[in-house]
Amino acid sequence: MIDEKLAEAFNDQINKELYSEYLYHAMKIYFQELNLQGFVNWFDVQVQEERAHAVGMINYLNDRGGKVDLRAIDKPVIEGSTPLEVFEHVLRHEEFVTSRINHVMDVAEEVRDRAAMHLLDWYIKEQVEEEANVSGVLATLRLIGDDKKALLMLDKDLATRTFVAPVIG
Ligand code: OFO
């Protein structure tokens, strides 16, 4: 049976992952309105990944005999009004999520739950990848500046991203 304090940390993180899904849905709609279909695809993959992250924790908590407590998801608010600013927001958000996953790991260490630490190792590695992915797009957007042609080339590139269901744990 999982420690109650750790179960609470997981429940809080499940809410954060579902919020991420919701936020990226809002950003997907932002790019739909700009008719940048490659960006739409990039966020669609992001939405699916966040759902998988949440479900991974829900299933884990359930397997460990913890009570899954789904909470209200905040209204997503996009900070910024240009593609560059939106991606700056994505990076800030992922850095925040990384800090929250680290917090769940801190609790797992405190209650000496080795099985949970093993699972959380996967999430910590995943956050490294998340931040690297976003930083890559952000760097290109900074190079692009106001060049519309270059923006359309990036859009084409982002259209090739595909969702691969993660094997969590
Ligand atoms: Fe779940 O990694 Fe992004 O937020």
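Modeller: Buried means under 20% relative accessible area, exposed means over 50%, and partly exposed is in between (1.4 Å probe, protein chains only). The model is predicted: local features need pLDDT of at least 70, side-chain atom pairs count only at pLDDT 80 or more, and totals for chains, interfaces and linings use all residues. Residues are numbered from 1 along each chain as its sequence is written, and side-chain values use heavy atoms, with hydrogens and water left out.

Biologist: What is the relative accessible area of Arg51?

Modeller: Arg51 is in helix 2 (helices are DSSP runs of H or I, at least four residues, numbered from the N terminus). The side chain of Arg51 makes a polar contact with the side chain of Glu21 at 2.8 Å (N or O atoms within 3.5 Å, one able to donate a hydrogen and the other to accept it; residues adjacent in sequence count only if both atoms are side-chain atoms). Arg51 counts as partly exposed, because its relative accessible area is 44%.

Biologist: How wide an arc do the buried residues of helix 5 cover around the axis?

Modeller: The buried residues of helix 5 (148-158) are Ala150, Leu151, Leu154, Asp155 and Leu158. They lie on the same side of helix 5, because their arc (taken from the directions from the axis to the C-beta atoms) is only 150°.

Biologist: Which helices do these buried residues pack against?

Modeller: On the other side of helix 5, Lys149, Leu152, Met153 and Lys156 are exposed. The buried residues of helix 5 pack against helix 2 (37-63) and helix 4 (114-144).

Biologist: Which residue caps the N-terminal end of helix 5?

Modeller: The cap uses a side-chain oxygen that lies 3.1 Å from the backbone nitrogen of Lys149. The residue that supplies this oxygen is Asp147.

Biologist: At what angle are the ring planes of Phe10 and Tyr60?

Modeller: The whole structure has 11 aromatic pairs (Phe, Tyr or six-membered Trp rings with centres within 6.5 Å; planes under 30 degrees apart are stacked, over 60 edge-to-face, the rest tilted). Phe10 in helix 1 (residues 4-33) and Tyr60 in helix 2 are 50 residues apart, and both are buried. Their ring centres are 5.6 Å apart, and the pair is tilted because the planes are at 45°.

Biologist: Is the pair of Trp122 and Tyr123 stacked or edge-to-face?

Modeller: Trp122 is buried at a relative accessible area of 15%, and Tyr123 is buried at 1%. Their ring centres are 5.0 Å apart and their planes are at 85°, so the pair is edge-to-face.

Biologist: Which residues is Gln127 in contact with, leaving aside its neighbours within four places in sequence?

Modeller: Gln127 lies in helix 4 and is buried, with a relative accessible area of 3%. With those neighbours left aside, its contacts (heavy atoms within 4.5 Å) are Glu94, Val97, Thr98 and Ile101.

Biologist: What is the phi of Arg112?

Modeller: Arg112 is in the loop between helix 3 and helix 4 and counts as exposed at 63% relative accessibility. Arg112 is not a glycine, yet its phi is positive, at about 55°.

Definitions and conventions. Helices (H or I, at least four residues) and strands (E, at least two) are DSSP runs, numbered from the N terminus.
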